[in-house]
Amino acid sequence: MLKLTQYRNHSEKIELIKSGKISLRKNVEEFLHEIEDKKELNAFNFVFDDVLLQADKVEEKIKKGSAGKLGGMVISIKDVLSIKSRPMTCSSKILKNYEAVYTATAVQKLLDEDAIIIGKTNCDEFAMGSSNENSAFGIVRNPHDTERVPGGSSGGSAVSVAADLCDASLGTDTGGSIRQPAAFCGVYGLKPTYGRVSRYGLTAFASSFDTIGPFAKSIEDIALIMSVISGKDPKDSTSHDIEVPAFTLNVDNVEKYRVGIPKEYLNPSSEGGLDQEIKEAIENQIDLLKENGYEIKEISLPHTEYAIATYYILTTAEASSNLSRYDGAHYGYRSDKANNLFDMYTESRTEGFGKEVKRRIMLGTYVLSAGYYDAYYRKAQKVRRLLKEDFDKAFQQVDIMLTPTTPTVAFKIGEKSADPLQMYLSDIFTTPANLAGIPGINIPVGKNSEGLPIGLQLMANHFEELKLLRFAKKLETIQ
Amino acid sequence: MNEKYEAVIGLEVHAQLLTDTKIFCGCSTKFGSAPNTNVCPVCLGQPGVLPVLNKKVVEYTVLMGLATNCTVNRKSIFARKHYFYPDLPKNYQISQYEEPICEYGHITIDLKDGTKKKIGITRIHMEEDAGKSIHDQDFDTLIDLNRTGTPLMEIVSEPDIRTPEEAYLYLTKLKQILTYLGICDGNMEEGSLRCDANISVRLKGETKFGTKTEVKNMNSFRNVERALAFEIERQIDLLEDGKEIIQQTLLWDADSNVAQPMRSKEEAHDYRYFPDPDLMPVVIEDKMLDEIKKQMPELPDAKKNRFIEKFALPSYDAEILTSSRELADYYEKILTVTSDYKSASNWVMTEVLKVVNEEKIDITDFPVSPENLGKLIELINNKTISGKIAKDVFTEMLKSNRDPETIVKEKNLVQITDSSEIESIVEKILSNNQKQVEEFLSGKEKVLGFLVGQIMRETKGKANPQIVNDILRDKLSSLK
């Protein structure tokens, strides 16, 4: 029997299907089999029962030569993105019975290019978390070590790709929710520039931070998906009207980008610091680049130490507002304990939301309250501007920034769930890109002594995803 | 009102804008559709939806800002105002808070004593309306979200208003401007124009403000006047009794003519405003501002002044004729046919408005076209018919809006201006009324009216009154 791993990227897969070496139906059946087989990973909230039907239709199109750019790519979708007439729960009890009434723009673009949507992936509730332990559908396990977390919040998406349950996945990244689980699971994960991909249909956690991006096993597939989902959407005023490149990776004639190493990332001031093995892996990559004639520059992002605090003030403020609509009145969970309006709100929300979500709603409500707004929210906005300026200045000197994606490898289930602050610090290297709105990508760069994946993060200036991807490809070729 | 005190009043007016679609989605704003039919995922607050600003709302608000002498801020931002209520699906209202679109304006009201007074406008901002909760049903509560997301403009006045009458004049002036601009129908009873008031009282001469209360739920212009009068009295009575005024919100109850305090729980709000991250700042470029300025119609004050100067109308006439843009348009259309400005004004102010008010119709639905009314005035002025006959012709026109000339011809109403014909009728009447003639000759001048009446009756009102008068006086004096 032909194995899934027979192709390295989508164009190889298409060739195999066209030449009759694999059938798309068989391929999807294998994925379904793997999902069933690796049920303990708990990557999916829902697997769609009509997926083979989708496969047959697309296979027909591929053979006729009329399939779209993603024809036959099997993609899972994080369960915070709307697909019409499919459940959308955000891994929360409060939306457990909710079915989406429209399709998110990014998902619609995948469908328009004949992608096959296999199901909705598990995640931290409302994308709040770094370990996928905050889910009403249960924890997700890391395929490299099932006693460890896959990272979060898009844990299910990362696992679905890492464990060969599908070809690619769409996740969301508000503070690292694509890059961190990609690092923990050893796959590629791109957080696009804020405004590059429409947020319409992405259940808002923190509206000025939220982005949608792909997970895949190859840079080529990341680029291919980006070429499909990017672009201005009239339904999203914050999506940017800027030309979408073809995302072609031909790296032969590409200039040698100047690479910046932010010193605050390799010697973080925070408690716990940076895992030694990760540090070495990153330094090896830096050496490799030097050997290949790249200009490596140490740079400074002086406000980095304020990133986590700033991030949690602003994102919880926005979250407290965005999540106020889940109240039991119009859709979703309604407590049967209540017999008046006030109790309906409090009981439905008390029973419907999980602990971490409630913690963030309370924190966000507090920072927006009369008398505290200036001290927290307004001040955090000012610091956000300073963090942005750090990046603006740095990108005058370098094209690409290279950092570790995470301070540690995947940690044990339960290890940090009792200490929110420790949990929040696992996003220390990823939140700055969201604060600044710039793109970032996780590149798997081998494993540590325990066999756990190590991730390297690349960041570029606004709307320079192509630079990121070309550099990532180059890095891959010089390994 | 106790003469020792003066009231300090500021008004917050919400005007529903006459756009075809809602402020942040493409749903229709049509009134009276079946409940929950003018809705979509966006205005229903479904997960993942995003607002997209309706440009018309910006244009309309800028128009109002310009019409009320405001500074138009080239950059303004939307903010979220949070409170939980079932007719607000997102549990926050998208509004403007810091950096509204218009600020620092004023309008001028004409006081009864003939003086003018400026009322400052603090700010004008854009926001979305909530839906409607219907409580008085067999069910617990029904929600209709058709109105959710209907564009509103909030106009906040400075505390420059001193009396309920001034508040009334300010409101009617605002309504007049809104309807002139065609951006709001100004109907308070139907809720397309709503008004809340902040009221405090203080001793005359005092410069500090007293403790204020807020009065809501005044759904007509007269109710605003009554509610304010009530609240001012109430506050003065408290102060006179040596009691304190509690800062609170009161609801006007129009049936019992009192303002009742709201339960404190309902008003204990911390709205937690913050800039809406889903919407970009509203930036108004020169080009857009120029285009909006081009749409600016002649405003009530300018029109009134023009009517006074160009048509030599009394201020009173000009005020009434420019009370609405449609009425002024009607008047000016009459003037395309006749240049008798004053007669046209008289006809509109008496005959036309009488019917409009009695029948409670809009001037735009008035059955007689202004052109035909102009012709009627010309028929009088060229002595084809008398003023009295003209009233009859007008009554006929109300039924059919036919050309007055046709009516006059058909009904044979052309005035008798032939002196010899009138002379023979006068002679006939005099010989038939010897007694009255003698009375006249003995000095009872009043009898003249009777004799004119007889002549007019004989001619079915068609005799030219001036000629009748002249001939009659001639004949009578020759008898002396």
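1. **What you are looking at.** This is a predicted model, in which local features need pLDDT of at least 70, side-chain atom pairs count only at pLDDT 80 or more, and totals for chains, interfaces and linings use all residues. Residues are numbered from 1 along each chain as its sequence is written, chains are lettered from A and ligands numbered from 1 in the order in which they are written, and side-chain values use heavy atoms, with hydrogens and water left out.

2. C43(B) is in no disulfide. Its nearest cysteine sulfur belongs to C27(B), 3.8 Å away. C43(B) is buried, with a relative accessible area of 7%. Buried means under 20% relative accessible area, exposed over 50%, and partly exposed in between (1.4 Å probe, protein chains only). C195(B) is buried as well, at 2%. The closest cysteine sulfur to that of C195(B) is in C184(B), 13 Å away, which is too far for a bond.

3. **The cores.** A nonpolar core is a set of buried Ala, Val, Leu, Ile, Met, Phe, Trp, Tyr and Cys residues joined through side-chain atoms within 4.5 Å. The largest has 119 residues. Within it, L110(A), F126(A), L170(A) and L458(A) touch the most other members. Helix α10 of chain A (residues 307–322) gives this core its largest share, eight residues. Helices (H or I, at least four residues) and strands (E, at least two) are DSSP runs, numbered from the N terminus. A second, separate core has 66 residues, among them V62(B), C184(B), I199(B) and L228(B).

4. **A buried threonine.** T61(B) sits in helix α1 of chain B, residues 55–67. Its relative accessibility is 0%, so T61(B) counts as buried. Which residues does T61(B) contact, leaving aside its neighbours within four places in sequence? They are L17(B), I101(B), C102(B), I124(B), M126(B) and M153(B). Contact means heavy atoms within 4.5 Å.

5. **Where the chains meet.** 32 residues of chain B are in contact with 41 residues of chain A. There are two salt bridges between chain B and chain A. A salt bridge is a side-chain nitrogen of Lys or Arg within 4 Å of a carboxyl oxygen of Asp or Glu. E98(B) and R378(A) form a salt bridge through their side chains, at 2.7 Å, N to O. On the side of chain B that touches chain A, β4 (79–82) and β15 (274–275) are the elements that give two or more residues.

Definitions and conventions. Disulfide = S-S within 2.5 Å.
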